[in-house]
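User: I would like to learn how to read a few features of a protein model. Please take me through them one by one.

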Amino acid sequence: MLKVGFVGLGVMGKPMVMNMLKAGIEVTVSDLKQELVDEVVAAGGKSAASLKELAAGKDAVFTILPTAAIVQSVLTAEDGILAGVDAGTVVVDSSSVSPIESQQCRDLAAAKNCPFLDAPVSGGEEGAINGTLAFMIGGDEKAAEKIKEAFEAMGSSWLVVGPTGSGSVTKLANQIMVNVNICAVAEALVLAQKAGADPKKVFEAVRCGLAGSTVLETKAPKMFNRDFRAGGTIKVNLKDITNVMNTARDLQVPLLLSSIVQQIQLSLKQSGHVMDDHAGYVQFYEQISGVTVKTNEK
């Protein structure tokens, strides 16, 4: 039986753990919110008194946390993950961070003779719940193969893209495509609404053509139904697009559309919408266009 330690039981982390438990993997968890730990324990998971204890005797230790600084903190704390891991334990970070930050984590793990994988995910909360996440991985392929049972329990695909940092930069590329696409959907529906067309009808007319996409299918209905309950918050995506822009700056790559998305996100943060789902980008366009995207159909 694969033995895994898992740190971070947020929107993504808890369902990821639940799917590993369903697959028969032994999982020991940690989170600042004890009630989340209790839920996992009730489902068959284990808890530990410290991160050091959590990491001991495991085939792999996963983290999925808000920032790279927090990841590095749980790795290096006196009673942290690296204080307890055995040599050869695969350390996996599924947080959305920059490639340079992933390389820093690799160096920390290497000092304990542990392979490190940056393995961010795509698929959102729904993918985490359904076990259909896509893992984009940077690091040693043999290390990923060693713990593939965990990836397969949590996702429908996993791929080692290249050396350390490759998973993180792939996630950044993914976030460019997703966020720019959501903004394009928002622009289109605002135009349709302003012209007098029902946005739901427009969606239904174009969804099977070249404009069809997973983003269109999941985000357009949230826009015209005025449902901005968060699956992926604007706050999280602002962090990701900021990482995109910082990485692009370091590489001297001009990213015109991404920079516009960042400005839209910052505007919505200032107007109090940062915790909305990123389908809420439509609210920026509504504010500057004097129109509300809403279907007349029930």
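Predicted model: local features only at pLDDT ≥ 70, side-chain atom pairs only at ≥ 80, totals over all residues.

Analyst: Residues are numbered from 1 along each chain as its sequence is written, and side-chain values use heavy atoms, with hydrogens and water left out.

User: Is C114 buried or exposed?

Analyst: First the cut-offs. Buried means under 20% relative accessible area, exposed means over 50%, and partly exposed lies in between (1.4 Å probe, protein chains only). C114 is buried, at 5%. C183 is buried too, at 6%. For contrast, take A87: its relative accessible area is 59%, so A87 is exposed. A87 sits in the loop between α5 (81–84) and β5 (90–93). Helices (H or I, at least four residues) and strands (E, at least two) are DSSP runs, numbered from the N terminus.

User: What describes a pair of aromatic rings?

Analyst: The distance of the centres and the angle of the planes. Rings of Phe, Tyr and Trp (its six-membered ring) pair if their centres lie within 6.5 Å; planes under 30 degrees apart are stacked, over 60 edge-to-face, and the rest tilted. This rule gives six aromatic pairs. One of them is F6 with F62, stacked at 6.0 Å centre to centre, with 15 degrees between the planes.

User: Which parts does the pair of F6 and F62 tie together?

Analyst: F6 is in strand β1 (residues 3–7) and F62 is in strand β4 (residues 60–63), so the pair joins parts that are 56 residues apart in sequence. Both residues, F6 and F62, are buried.

User: Why is the pair of F62 and F151 edge-to-face?

Analyst: Because the planes stand at 75 degrees, with the ring centres 5.9 Å apart. This pair also links distant parts of the chain: F62 in strand β4 and F151 in helix α9 (residues 148–154), 89 residues apart. F151 is buried, as is F62. F6, F62 and F151 belong to one aromatic cluster, along with F135 and W158.

User: Now pockets. What lines the second largest pocket?

Analyst: Start with the method. On a 1 Å grid over the protein atoms alone, a pocket is an open set of points where a 1.4 Å probe fits, with protein on both sides within 12 Å along at least five of seven lines; lining residues have an atom within 4 Å of a point. The lining of the second largest pocket includes S98, P99, E101, V169, N243, R249 and D250. α13 (234–251) and α6 (99–110) each supply at least two lining residues. α13 gives the most, with six. The space in this pocket is about 170 Å³.

User: What do the UniProt domain annotations cover?

Analyst: UniProt positions use the numbering here, feature names are shortened, and annotations may be inferred rather than shown by experiment. An unreviewed entry places "domain: 6-phosphogluconate dehydrogenase NADP-binding" at residues 3–162. That stretch is 43% helix and 24% strand. The unreviewed entry puts "domain: 3-hydroxyisobutyrate dehydrogenase-like NAD-binding" at residues 165–284. Residues 165–284 are 71% helix and 0% strand, with end C-alpha atoms 33 Å apart.

Notes. Points joined across faces, edges and corners; volume = space filled by probe spheres on them.
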